[in-house]
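Here's a quick walk through a two-part topic: how one chain is built, and where its partner meets it. Have a look at the model first.

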Amino acid sequence: MQAILDAISLGGTYALAALGLGLVFGVMRLVNFAHAELITISAYVMVVTNDLPLLISFLLASLVAALLAILTELAIYRRLRGTGPAIMLIASFGLSVGLQKSYELIFGALPRSAAVAPWMTGSFEFAGLNFTISSLVTVAITIAILLAMGYLVERTTLGLQLRAAATDFKTARLLGVRSNRLIGSAFAISGILASAVGFILVVENPQVDPMFGLNITILALVGIVIGGISSLRGAALGGFIVGFILSILNTFLGNARVYAYSYLFLAVVIILLVRPGGILSKRNEMERV
Amino acid sequence: MAILEVKDLQAGYGKVDVLFGVSFSLEPGQSLGIVGPNGAGKSTLMKAIAGEVALKSGSVHLQGSPISGKKPEDVVRLGLSLVPEGRQIFGGLTVTENLMLGLTGRRDKASSKQALDQVRGLFPVLNTHAEYQAGMLSGGQQQQLAIARALVADPKVLLLDEPSLGLAPTVIMDVFSKLKEIIALGTSVVIVEQRAHLVTAFAEKTLIIRAGKVQATLTPEDAKDEVALRRAYFGAGA
């Protein structure tokens with residue numbers, strides 16, 4: 001039971017990471033590798049402000065991640081709009097490495113650590129089963145954020161514009177959708193989602209180094225590809241599947257867990273062979289991908 | 001004063017020029033047709049006016065104010081809407097959601113509901129199919145949705161790029177009869193078409209564009225002379 005809860009918890013965390021990436025991809029067709037550094041900076045902020053109340057620390061981390069996301073959009077991506085996906089991709093690589101090195105200069109190359117929300121590391125028994133508090137809290141946070149995102153995307157004007165822009169940005173602009181404002185909003189929301197991921201990760205692993213957010217970002221990218229790269233639902237679902245499978249493999253493979261990634265990518269290949277455009281893709285999305 | 005005035009417009013893509021000094025003007029409540037063969041630059045002209053393609057030189061004035069160099073999202077707020085070629089409705093969104101998106105470019109948000117009611121009155125199918133996914137509509141219904149979506153922004157000038165594309169002849173006549181109603185309500189309309197006969201008979205004046213230049217201006221009377229129309233469309237050798 002705990003293994004399933006852990007898998008749901010990790011799946012949810014990956015879903016949040018994938019959703020942040022998917023939002024930006026939707027409006028800019030940009031695979032933003034520097035999303036990893038948004039997760040990292042929020043984890044650093046929470047470690048550095050660990051003496052403050054948890055909520056204040058988290059809000060500060062969200063603010064910093066959102067501002068950094070907007071800054072990267074203003075300073076780099078906005079200037080490169082229209083140059084083509086390859087150049088944008090390379091720029092995001094460059095930005096990712098540049099930010100990692102900046103963190104190294106600011107926070108040092110060695111991990112910075114602090115017990116963020118230590119009460120979450122405990123466990124309790126219920127109906128004869130043992131549960132860790134962090135898994136339950138993570139699942140609760142994930143569900144709350146996914147519901148909030150669902151509301152934002154499905155029920156608000158901003159969400160409608162995000163969905164339209166993800167399908168056809170040119171036509172959305174012809175209808176009056178302000179491109180700079182929409183893209184800025186997508187980056188800010190992706191920063192806030194990254195801070196939620198950073199919080200969940202730093203509770204589990206309080207050792208923050210400059211590459212802290214890299215692993216989950218790469219796997220979340222795999223998630224959005226298998227979920228359906230042009231759909232936010234697909235991105236979240238794909239991220240969840242990757243996290244879920246990885247957690248289950250790590251639990252049940254025992255000493256063979258070193259092969260967990262091999263099995264994960266085997267599963268990914270099989271999914272892509274059956275659904276080349278991703279699980280939730282439609283034919284036109286497949287062509288675009 | 002002309003509601004839309006295009007002067008010596010030159011535009012293209014990168015180093016390739018497509019339009020070479022196109023000029024015309026449109027009076028309030030007037031309809032203008034633009035016809036020409038494939039590659040003549042008709043769609044580029046629409047995109048350049050709507051701000052989708054940057055001008056290399058020349059100017060576009062809407063109600064006397066320059067709109068050249070403005071972004072598409074600003075141009076629609078100033079009162080010029082484009083119904084793009086191929087309709088470009090959002091197939092995954094509902095009919096209502098498509099119309100709501102059209103309201104984004106509307107300046108007077110207080111009267112949004114009246115605008116929605118007005119287009120639903122004009123195109124009743126959008127009322128009966130309000131919660132349908134737009135991609136499930138027929139081609140003619142999608143064209144009506146694309147026009148309605150542009151109309152809810154309350155444009156003074158409505159540009160339509162090939163509204164008859166892919167439609168059956170009877171459906172085309174329906175679409176054009178709706179356009180007559182829209183013009184009667186006071187909106188000026190510019191229609192780009194390959195069907196020269198249809199547009200020349202419909203619009204108060206029609207420009208023939210070939211090789212990025214205006215080659216001739218026709219009136220509905222010219223639609224009756226098939227030979228003259230063909231000669232104007234294809235050039236003197238036709």
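## Confidence

A quick word on pLDDT: it is the predictor's confidence in each residue, from 0 to 100. Helices (H or I, at least four residues) and strands (E, at least two) are DSSP runs, numbered from the N terminus. In chain A, helix α2 (residues 35-48) has the highest confidence at a mean of 97, while helix α12 (residues 283-288) has the lowest at 42. As a whole, chain A averages 90, with 97% of the residues scoring at least 70.

This is a predicted model, with local features needing pLDDT of at least 70 and side-chain atom pairs counting only at 80 or more, while totals for chains, interfaces and linings use all residues. Residues are numbered from 1 along each chain as its sequence is written, and chains are lettered from A and ligands numbered from 1 in the order in which they are written.

## Fold of chain A

Chain A has 12 helices and four strands. Its C-alpha trace spans about 60 × 45 × 35 Å along the principal axes. Of the contacts in chain A with a separation of 6 or more, 73% link residues 24 or more positions apart.

## Where chain B comes in

Chain B puts 20 residues into the contact and chain A 16. On the chain B side, α2 (72-78) and α3 (95-102) each supply at least two residues.

Methods
Contact = placed C-beta atoms within 7 Å.
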